[in-house]
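The sequence and the model are shown first.

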Amino acid sequence: QVARLQRLQREEGTEPDPREAEVVQDLRDGLNNGYRQLRELLTTFRLQFDSPGLEEALKQTAQEFSERLGFPVDLDYSLTPRMFSPNEEIHVLQIVREALANVHKHAQASHAQIGVYQQDGTLMVEVRDNGIGLPSNGTPPSHYGLVIMRDRSLTLGGELNVANAEGGGTVVCLAIPQQVSSLITRAS
């Protein structure tokens, strides 16, 4: 329907109102992002059903993105098995996949790393790269993927932070405090 609307605007022979063109482009961008998210979700569900647990799904994701990026994506996973419910695993996996998709699209990196560990009673999930980092003001560009990652982190009771990494690159960090994660409490 968006493509049809754009064709109708061109066929009218008049110059479209720039505000209309902007709205139509926003619709197109939103739809493209929705399709991309759907593809990522389908991949996530396939990983979840084909492999037991988050660690194995993250191994497959690291391998997939290593091939896609053309450089290694390392995984450092140091949690005990079965710390997450399947629903929580999906949220964590999707945050990691979106962060790696951003490395692919924006970072101009030659290495990336996924880290999953506990620190002072807080569950930490990090995706780091050695790319160009965020703009000079340190604020990540606003896009749908970041909004969705933040929503997922809130669903997990955690906090998402995206920042320039020391020494260059970007780090996406999900922190889930022990007091909001019954899983961490039960596993400790």
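## Basis of the model

The structure is a predicted model, in which local features need pLDDT of at least 70 and side-chain atom pairs count only at pLDDT 80 or more, while totals for chains, interfaces and linings use all residues. Residues are numbered from 1 along each chain as its sequence is written, and side-chain values use heavy atoms, with hydrogens and water left out.

## Overall make-up

The secondary structure of the chain comprises six helices and five strands; helices (H or I, at least four residues) and strands (E, at least two) are DSSP runs numbered from the N terminus. Along the sequence, the pattern is α-α-α-β-α-β-β-α-β-β-α.

Of the 188 residues, 44% count as buried, where buried means under 20% relative accessible area, exposed over 50% and partly exposed in between (1.4 Å probe, protein chains only). Among the contacts in the chain with a separation of 6 or more, 63% come from residues 24 or more positions apart; contact means heavy atoms within 4.5 Å.

## The sheet

The five strands form an open sheet of mixed pairing, in the order β1-β2-β3-β5-β4. Two strands count as paired if DSSP finds at least two bridges between them. The edges are taken by β1 (73-77) and β4 (159-164), each with a single partner strand, so one side of each has no neighbour in the sheet. On average, neighbouring strands are turned by 15° against each other, direction ignored; axes are lines fitted to C-alpha atoms, for helices over the stretch in contact, and angles run from 0 to 180 degrees between N-to-C directions.

Strand β2 (residues 112-119) pairs with β3 in the antiparallel sense over eight bridges, and Q118 stands opposite L123 in β3. The antiparallel pairing of β3 with β5 has seven bridges; here V125 faces L174 in β5. β4 and β5 run antiparallel and are joined by six bridges, with N161 opposite C173 in β5. These two strands, β4 and β5, form a hairpin with five residues between them, and G167 in the turn has a positive phi of about 85°. Seven of the eight residues of β5 are buried, so β5 is largely enclosed by the rest of the structure.

## Residue P140

P140 lies in the loop between β3 and α5 and is buried, with a relative accessible area of 19%. Leaving aside neighbours within four places in sequence, P140 is in contact with L134, L146, R150 and V162. The C-alpha atoms of P140 and N161 are separated by 9.9 Å, although these residues are 21 residues apart along the chain.

## The largest pocket

The largest pocket has a volume of about 300 Å³. Of the 19 residues that line this pocket, N102, H106, L134, V162 and T170 are the closest to its centre. On a 1 Å grid over the protein atoms alone, a pocket is an open set of points where a 1.4 Å probe fits, with protein on both sides within 12 Å along at least five of seven lines; lining residues have an atom within 4 Å of a point. Grid points are joined across faces, edges and corners, and the volume is the space filled by probe spheres set on the points.

At least two lining residues come from each of α4 (86-107), β3 (122-129), α5 (144-155) and β5 (170-177). The most are given by α4, with five residues. The lining divides into 13 nonpolar, five polar and one charged residue; Ala, Val, Leu, Ile, Met, Phe, Trp, Tyr, Cys and Pro count as nonpolar, Asp, Glu, Lys and Arg as charged, and the others, Gly among them, as polar.
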